[in-house]
Amino acid sequence: MKLMKLLATAAMALGLATTAMAEGHGEKTKVGFVYVGPVGDGGWTYEHNQGRLAVEEHFGDKVETVFVESVPEGPDAERVMTQMALEGADLIFTTSFGYMDPTINVAAKFPEVKFEHATGYKTAPNVSTYSARFYEGRAVQGHIAGHMTKSNIVGYIGSYPIPEVIRGINSAYIHAKKVNPDVEFKIIWAFTWFDPAKEADAAKTLIEQGADVILQHTDSTAPQAAAQAAGNVITFGQASDMAEYAPMPRVSSIIDNWAPYYITRTQAVMDGTWETKMTWDGIGPGMVGIGEITNAVPADVKEEALALKAALADGSYHPFTGPLKKQDGSDWLAEGETADDGTLAGMNFLVEGIEGTIPE
Amino acid sequence: MATPVLAVLVTMVAGGILFAFLGKPPIEAIRVIFWDPLFSEFAFYYRPQLLVKGAPLVLIAIGLSLGFRAGIWNIGAEGQYIIGALSGAGVALAFYPLDAWWIFPLMVLGGALGGFLWAMIPALLKVKFGTNEILVSLMLVYVAEKILASMSLGLLKNPEGYGFPGSRNLQQYPSAHNAEIFTGSGMHWGVAAALIAVIFAYILLNRHMLGFQIRLTGEAPRAARFAGVSPARLVLFCLGTAGALAGMAGMFEVSGPSGQVSIDFNVGYGFTAIIVAFLGRLHPIGILLAGALMALTYIGGEIAQSKLGMPSAAIQVFQGMLLFFLLALDMLTHFRLRLAAKGVA
Amino acid sequence: MDLSAINPFLLLCAILVSATPLLFAAVGELVVEKSGVLNLGVEGMMITGAICGFAISVNTGSPWMGLLAAAGGGAVLSLLFALLTQVAMANQVASGLSLTLFGLGLSALIGQGYQGIKPPEFPTFGVVVAEATAERAALVARLDILVFAAIALTAAVWAFLKYSRAGLILRAVGESHDAAHALGYKVVRIRVLAILFGGACAGLGGAYISLIRVPQWTEGMTAGIGWIALALVVFANWKPWRALLGAWLFGGVNVLQLNLQAAGVDIPAEYLGMAPYVITIIALVIMSSDRSGAPASIGRPFHASS
């Protein structure tokens with residue numbers, strides 16, 4: 001008897017879920033955002049929230065956006081997504097790699113709701129993925145870094161040893177080396193995306209060991225502050241423009257600009273033209289922005305950097321163009337060959353010339 | 001029974017003032033947090049979620065409460081939870097992709113054993129050397145977190161995960177999946193285990209010699225020693241049980257709702273469970289209710305965030321207030337009773 | 001690998017800076033625990049101090065006012081704990097954990113609108129380690145007055161506990177509150193004062209992070225330093241000078257780890273990160289035979305009617 005009752009409840013639940021979705025299609029399109037950090041982190045989540053605000057501004061009364069911040073990856077994320085879907089969201093952006101399986105799970109339960117998962121690799125009929133080719137921006141940074149360093153030591157603060165971070169290190173190194181054959185990279189793995197105290201310590205350590213350029217793949221502005229205190233050290237903004245540290249130490253930045261993508265996809269849902277896509281956009285479509293290059297950079301270097309940016313944008317140049325060898329000396333790309341997206345997506349090796357290893 | 005209700009009411013008033021101060025409609029906010037998860041249009045989804053969120057809290061808190069009653073302070077359940085999850089998932093991944101009915105039971109044992117062994121470190125150090133178990137168990141949480149990070153990036157990393165940290169998803173490995181017993185009910189094996197633990201603890205404390213010894217040691221340690229209670233045995237039992245239950249909680253979580261080992265797998269259940277244990281006055285039934293209340297504020301808090309745009313910090317403050325009022329009012333009444341008793345004497 | 005890149009003097013200074021917030025919080029907690037109270041809310045008080053200090057120094061333009069506010073903020077929060085545990089007789093472990101939860105939320109609420117702002121610069125003084133050359137800028141070790149203030153505080157607490165009458169009473173209360181009560185000491189009042197002192201110190205430690213070491217405000221920026229401070233007190237066997245040593249060790253492992261990585265030494269960062277905790281456990285075991293430092297009534301509630 002009890003079992004029957006439970007099964008009946010479950011069936012009812014499923015039925016309700018579908019009606020809830022039907023009701024969701026009112027005149028307003030409802031867009032949900034799930035954030036891994038607080039909107040005030042000044043980096044990753046902050047930029048996604050800027051994207052959300054841009055959607056609100058662009059569509060005005062035609063959309064309603066909702067968000068939940070600081071959602072741990074795992075069952076909590078699954079619950080938040082389900083709750084948004086139940087409350088009638090038409091489109092949900094899940095903005096952290098760890099939301100991948102929860103997104104797929106929830107999407108299976110709500111076939112009418114569209115999901116967009118950032119930085120993942122799993123799709124479904126109603127799940128798209130999107131990510132940015134930040135490594136294109138790293139090429140521009142590497143170029144400037146190679147020119148600007150006097151000590152020939154560039155410090156790099158990595159977060160976790162994952163393909164995205166490794167791509168960035170390789171791309172920056174290749175382009176720094178191109179303009180300055182003597183350049184050397186010192187890498188610190190911080191094992192965090194966001195820990196200002198640790199990032200500050202890492203930056204100070206790199207500076208003390210002679211680095212006069214700091215690249216960071218962590219999200220806080222703490223390394224900028226450390227560079228400012230040291231003087232004569234240049235940095236680049238990460239995720240956000242970090243313009244409050246311009247013109248020195250911050251001489252440029254990589255900006256995650258999700259707004260155009262969020263607006264396009266919201267529009268697609270409104271028009272009923274939404275379909276599953278795996279988007280991996282770079283400088284060209286505007287997903288990766290290069291923040292203003294300040295006057296601390298000599299005019300000729302700035303010009304070259306902008307030319308490089310233009311070449312990356314129109315696709316005439318790929319940051320990983322051969323000849324390139326892996327760190328162990330084995331061949332990777334032949335003369336003129338460019339890296340395929342598959343290799344880049346799972347990149348787990350450093351290129352020739354970089355010292356140090358990827359921690360396991 | 002009246003004080004917890006009073007504490008919740010006081011929190012509603014204070015929280016309402018806070019929400020109003022933040023420019024949110026206070027009455028609606030309170031309704032969303034406490035009412036919506038239980039009785040709103042979508043309560044059919046939130047009610048099972050209360051079980052999912054509450055079960056690990058209750059399971060861990062039951063184990064902790066035994067020790068707390070005897071004056072044995074294990075505050076490292078978070079570490080035991082992590083190690084339990086790692087060993088449970090480790091068992092599963094060792095057999096992947098073998099399909100066999102005995103894998104899941106073996107994982108339960110593995111998880112319990114992992115948590116048990118991790119808890120044995122402070123237990124044995126206390127018995128052998130008299131080392132303070134509060135601190136050793138706390139230190140071991142950090143060690144466990146580092147092991148977790150190392151495992152997600154190394155040994156247990158999904159070989160088909162494109163180099164990203166995190167293990168295979170056990171939800172997609174049927175022999176290892178801690179699935180819901182009835183679809184949509186939220187009842188997974190961890191919920192069942194939590195309920196069994198409540199009953200087990202109730203019987204132990206009320207009907208069993210060991211339970212009597214635990215209570216006696218907590219209330220009158222010297223009398224307990226005269227009564228022939230072996231403190232060493234009690235330490236080993238209490239820490240061991242707490243560790244095993246926390247380890248099982250971790251295992252049920254990693255094989256069910258969470259699905260995979262990842263760097264941020266632990267979300268503080270081990271610490272929250274300490275609060276739950278005290279809110280429940282270290283009584284099994286009380287812990288069950290306290291776990292449900294905590295789960296309610298988590299889920300209601302999330303709804304308030306997305307429905308009313310409430311910052312997550314406001315929810316945290318609200319939870320903190322609830323705990324303060326519960327602790328304060330609970331003890332005030334306790335204190336007044338004692339004074340009254342004294343007055344009579 | 002290039003170990004020559006590590007300058008010992010710079011390393012030393014970095015360790016001093018890294019140890020300072022830990023030391024503030026640990027010395028404060030040490031006094032609290034010496035009075036027989038275990039306050040697990042250090043992390044919550046630190047982060048509250050961090051935002052109070054930050055907000056006030058931004059609004060007044062004076063870092064000194066900020067430090068004052070940080071100490072005040074930490075103390076006010078700890079007053080909540082004192083009320084709960086000393087007046088309402090609530091359990092200390094649960095109250096302390098609740099305090100951390102509350103403090104993290106409260107600081108995030110106060111801090112809305114303070115992200116991305118630079119605080120007024122805190123005066124530091126530099127020691128030139130290597131003059132500037134054509135290739136590189138001068139190497140300058142930067143220290144600030146608080147680094148020394150923390151050490152002075154350690155000395156003061158040591159002297160207070162060891163030589164002053166008030167310190168003796170505090171320790172007596174921590175050893176046996178019943179005996180101290182029988183001797184006519186106000187156990188609750190003494191403990192409340194100790195808790196307030198601990199809160200103020202934790203607040204200062206937090207402000208050191210948000211005003212000097214980082215310096216900026218971000219939610220959750222203390223990132224577990226309060227918990228390490230708790231470990232440190234035990235590691236130190238409740239002796240102030242050992243707390244100083246421990247702070248250098250804990251801060252040192254962190255800084256050294258980064259230095260070795262930057263120098264290209266292949267070290268498993270996670271395992272090195274475990275080291276301080278494992279060392280603490282070993283130290284605890286070794287010191288278990290010598291329990292002279294541990295206050296006997298730690299964590300036990302006291303009320304005069306019993």
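Gly163(B) sits in the loop between α7 (133–153) and α8 (189–207) of chain B. Helices here are DSSP runs (H or I, at least four residues), numbered from the N terminus. The model is predicted, so local features need pLDDT of at least 70 and side-chain atom pairs count only at pLDDT 80 or more, while totals for chains, interfaces and linings use all residues. Residues are numbered from 1 along each chain as its sequence is written, chains are lettered from A in the order in which they are written, and side-chain values use heavy atoms, without hydrogens and water.

Gly163(B) is partly exposed, at 22% relative accessible area (between 20% and 50%, 1.4 Å probe, protein chains only). Leaving aside residues up to four places away in sequence, Gly163(B) touches Pro161(A), Ile162(A), Pro163(A) and Lys157(B). Contact means heavy atoms within 4.5 Å.

Now the interface of chain B and chain A.

| Item | Value |
|---|---|
| Residues from chain B | 37 residues |
| Residues from chain A | 39 residues |
| Salt bridges | 3 salt bridges |

The buried area is about 3,400 Å², with 60% from carbon and sulfur atoms. Buried area is the accessible area (1.4 Å probe) that two parts lose on being put together, summed over both. Lys53(B) forms a salt bridge with Asp76(A), with the closest N and O atoms 2.5 Å apart. The rule asks for a side-chain nitrogen of Lys or Arg within 4 Å of a carboxyl oxygen of Asp or Glu. On the side of chain B that touches chain A, α4 (43–69) and α13 (284–308) each supply at least two residues. α13(B) gives the most, with 6 residues.
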